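Thanks for coming, everyone. I have one model to walk through today, so let me put it up.

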Amino acid sequence: MKKYNNKINVIGDFLSQERKKKGYSKALLCRKLKELGVNFDRNEIYRIENFKMSVKDFELIALASVLEIDFNDIKNIILDKSTNNKVVTE
């Protein structure tokens, strides 16, 4: 499995911060995502936020939409990191 900086995804912390900023529980976020046709359960949100689950492109789009996240902010998660970060395939 490919990893970036030894993590399965790069948005875990950012997603958690944005969800909490909105005052959304994991369950509420799941309900809002379901309205867009993307099914998650609370455990999956936990796993994403704790870098234990990857995120598919359509899931990222839905998460960004529900949490009103600008894609430039997501892009900057990677671009703002030091050059020591690497993609690793296991």
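Start with Lys3. Lys3 sits in strand β1. Is Lys3 buried or exposed? Its relative accessibility is 18%, so Lys3 counts as buried. The cut-off that matters here is 20%, because buried means anything under that. Now look along the chain to Ser54. Lys3 and Ser54 are 51 residues apart in sequence. Their C-alpha atoms are separated by 9.3 Å.

One caution before I go on. This is a predicted model.

Now the overall layout. The protein has five helices and two strands. In sequence order the pattern reads β-α-α-α-α-α-β. There are 90 residues, and 34% of them count as buried. What about contacts? Take those with a separation of 6 or more: residues 24 or more positions apart account for 67% of them.

Next, the loop after the strand. Asn6 lies between β1, residues 2-4, and α1. Phi of Asn6 is positive, near 65°, and Asn6 is not a glycine. Asn6 has 59% relative accessibility, so it counts as exposed.

Glu18 belongs to helix α1. Is Glu18 buried or exposed? At 13% relative accessibility, Glu18 counts as buried. What does Glu18 touch, once residues up to four places away in sequence are set aside? Leu67 and Ile69.

α1 packs with helix α4, residues 57-67, at an angle of about 30°. The two axes are 10 Å apart. An angle under 35 degrees counts as roughly parallel. So α1 and α4 are roughly parallel to each other. Their crossing is left-handed. Who makes the contact? From α1, Leu15, Glu18, Arg19 and Lys22. From α4, Leu63, Val66 and Leu67. Note that Glu18 turns up here again, on the α1 side.

At what angle do the axes of α2 and α3 cross? Roughly 105°, and they come within 8 Å. Angles of 65 to 115 degrees count as roughly perpendicular. Therefore α2 and α3 are roughly perpendicular to each other. On the α2 side, the contact is made by Lys26, Ala27, Leu29, Cys30 and Leu33. On the α3 side, the residues are Arg42, Ile45, Tyr46 and Glu49.

Let me stay with α3. The helix runs over residues 42-49. Which residues of α3 are buried? Ile45, Ile48 and Glu49. They lie on the same side of α3, because they cover an arc of only 95° around the axis. What covers them? The cover includes α1, residues 12-22, and α2, residues 26-35.

Now the two ends of α3. At the start, look at Asp41. A side-chain oxygen of Asp41 comes within 3.0 Å of the backbone nitrogen of Asn43. At the other end, α3 is followed by Phe51. Phe51 is in the loop between α3 and α4. Phe51 is not a glycine, yet its phi is positive, about 60°. Is Phe51 buried or exposed? Phe51 has 18% relative accessibility, so it counts as buried. Compare that with Asn6, which also has a positive phi but counts as exposed at 59% relative accessibility.

Val55 is placed in the loop between α3 and α4. Its relative accessibility is 23%, so Val55 counts as partly exposed. What is Val55 in contact with, leaving aside neighbours within four places in sequence? Asn9, Ile11, Ile48, Leu60 and Leu63. Two of those names have come up already. Ile48 is one of the buried residues of α3. Leu63 is among the α4 residues that meet α1. And Asn9 deserves a look in space. Val55 and Asn9 are 46 residues apart in sequence. From C-alpha to C-alpha, Val55 and Asn9 are 6.8 Å apart.

One is the roughly parallel pair, α1 and α4. Another is the roughly perpendicular pair, α2 and α3. And then there is the loop between α3 and α4, with Phe51 and Val55. I'll stop there.

Conventions:
Residues numbered from 1 in each chain as written. Predicted model: local features only at pLDDT ≥ 70, side-chain atom pairs only at ≥ 80, totals over all residues. Heavy atoms only, no water. Buried < 20%, exposed > 50% of the residue type's maximum accessible area, 1.4 Å probe, protein only. Helix = DSSP H or I, 4+ residues; strand = E, 2+ residues; numbered from the N terminus. Arc of directions from axis to C-beta. Contact = heavy atoms within 4.5 Å. Polar contact = N/O pair within 3.5 Å; in protein donor to acceptor, adjacent residues only side chain to side chain. Axes fitted to C-alpha atoms, helices over the stretch in contact; angles between N-to-C directions. Parallel < 35°, antiparallel > 145°, perpendicular 65-115°, else oblique. Left-handed = near helix turned anticlockwise from the far one by under 90°.
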